[in-house]
Amino acid sequence: MPNDRLRNQIRRLRFESGEMTQEELGGRAGVTRQTIIALEAGKYVPSLVLALRIARVFNVKVEDVFQLEDRE
Amino acid sequence: MENRMTSLERSAWFELTVATLAAVAYGALFLLFGSGPALGALALMALTAFGPSNRGAARGAPRVALDERDHAIMARSSLVGYSVFWLAFVAATMGVWALRGGRGSIAVDTLPLFPAAGWVVLTIGRSIATLVQYARGR
């Protein structure tokens, strides 16, 4: 079984987008601030739809926000 | 850093408090007055209808009250809650059988305790599972 981990650049992208708050990103992506916190901490793997919505908020490709990282 | 709770998390705390109070009240009344009157304490569970998520919905909830992560947590918590309920139900029925024997009997007015206590067990199991998942996600 693959042992991948999903890394993300949400925190960096937020700061590069005029220091966007977690609340604001959550509102624009249609999730709560707590979900953004869990995503940034790598504790939650989003659905494909949510990943695409977040990428759309930052106006980047989804792979610029999320990357697979092999743990082995 | 400020870390406000989601409405589901607030509901879980509220329901856990209500269910624990109902269980404690049942225990106290059982010791004082016996099983029949003690059943009334489980009516406290009706307070769960006034939980934070229901009040929020009535007042006009915030823009995003529950999202996909909350729904995933809710689904897993329900599974845990019903599993705990089922285990407790099996333990209760088998326990009576073991204690009273195959030819034993119990009073019919004990039977309402099974669904009422089941509700308490389900609520406690589900609430704890919800709170544990939120705690792990921080």
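B:Arg126 is partly exposed, with 24% relative accessibility. In this predicted model, B:Arg126 forms a salt bridge with B:Glu15. The closest N and O atoms of the two are 3.3 Å apart. B:Glu15 lies in helix α1 (residues 7–33) of chain B and B:Arg126 in helix α5 of chain B, so the pair ties together parts that stand 111 residues apart in sequence.

Helix α5 of chain B spans residues 113–136. B:Leu113 belongs to this helix. Leaving out residues up to four places away in sequence, B:Leu113 touches B:Tyr26, B:Leu39, B:Leu42 and B:Gly118. B:Trp13 is 100 residues from B:Leu113 along the chain. The C-alpha atoms of B:Trp13 and B:Leu113 are separated by 24 Å.

Now to the other charge pairs. Over all chains, the structure holds 7 salt bridges. One of them joins the side chains of A:Glu69 and A:Arg5, at 3.8 Å from N to O. This pair links distant parts of the chain. A:Glu69 sits in strand β2 (residues 66–70) of chain A, and A:Arg5 in strand β1 (residues 4–8) of chain A. The two residues are 64 apart. A:Glu69 is partly exposed, at 28% relative accessibility. A:Arg5 is also partly exposed, with a relative accessible area of 29%.

A second pair in chain A is A:Glu16 with A:Arg12. Their salt bridge has its closest N and O atoms 2.9 Å apart. Where do A:Glu16 and A:Arg12 sit in helix α1 of chain A? They are 4 residues apart in that helix, which means that about one helical turn separates them. A:Glu16 counts as exposed, at 54% relative accessibility. A:Arg12 counts as partly exposed, at 41%.

B:Asp70 lies in helix α4 (residues 68–100) of chain B. B:Asp70 is buried, yet has no salt bridge.

In all, 15 residues of chain A are in contact with 16 residues of chain B. The two chains bury about 1400 Å² between them. Of this area, 46% is on carbon and sulfur atoms. How many salt bridges does the rule find across the interface of chain A and chain B? It finds 0. It does find 4 residue pairs in polar contact there, both residues being at pLDDT 80 or more. On the side of chain A that touches chain B, the elements giving two or more residues are α2 (22–29) and α3 (33–40) of chain A. α3(A) gives the most, with 5 residues. The residues on this side of chain A divide into 6 nonpolar, 6 polar and 3 charged.

Helix α2 of chain A also has a buried side. A:Gln22, A:Leu25, A:Gly26, A:Gly27 and A:Ala29 are buried in α2(A). The buried residues of this helix pack against α1 (10–16), α3 and α4 (48–58) of chain A. A:Gly30 follows α2(A) and has a positive phi, near 80 degrees.

A:Glu19 is one case, with phi of about 50 degrees. A:Glu19 is placed in the loop between α1 and α2 of chain A. At 56% relative accessibility, A:Glu19 counts as exposed. A:Asn59 is another case, with phi near 60 degrees. A:Asn59 is placed in the loop between α4 and α5 (62–65) of chain A. With 71% relative accessibility, A:Asn59 counts as exposed.

Definitions and conventions
Residues are numbered from 1 along each chain as its sequence is written. Chains are lettered from A and ligands numbered from 1 in the order in which they are written. This is a predicted model: local features need pLDDT of at least 70, side-chain atom pairs count only at pLDDT 80 or more; totals for chains, interfaces and linings use all residues. Side-chain values use heavy atoms; hydrogens and water are left out. Contact means heavy atoms within 4.5 Å. Buried area is the accessible area (1.4 Å probe) that two parts lose on being put together, summed over both. A salt bridge is a side-chain nitrogen of Lys or Arg within 4 Å of a carboxyl oxygen of Asp or Glu. A polar contact is a pair of N or O atoms within 3.5 Å; within protein, one must be able to donate a hydrogen and the other to accept it, and residues adjacent in sequence count only if both atoms are side-chain atoms. Ala, Val, Leu, Ile, Met, Phe, Trp, Tyr, Cys and Pro count as nonpolar, Asp, Glu, Lys and Arg as charged, and the others, Gly among them, as polar. Buried means under 20% relative accessible area, exposed over 50%, partly exposed in between (1.4 Å probe, protein chains only). Lys and Arg count as positive and Asp and Glu as negative; His and the chain ends are not counted.
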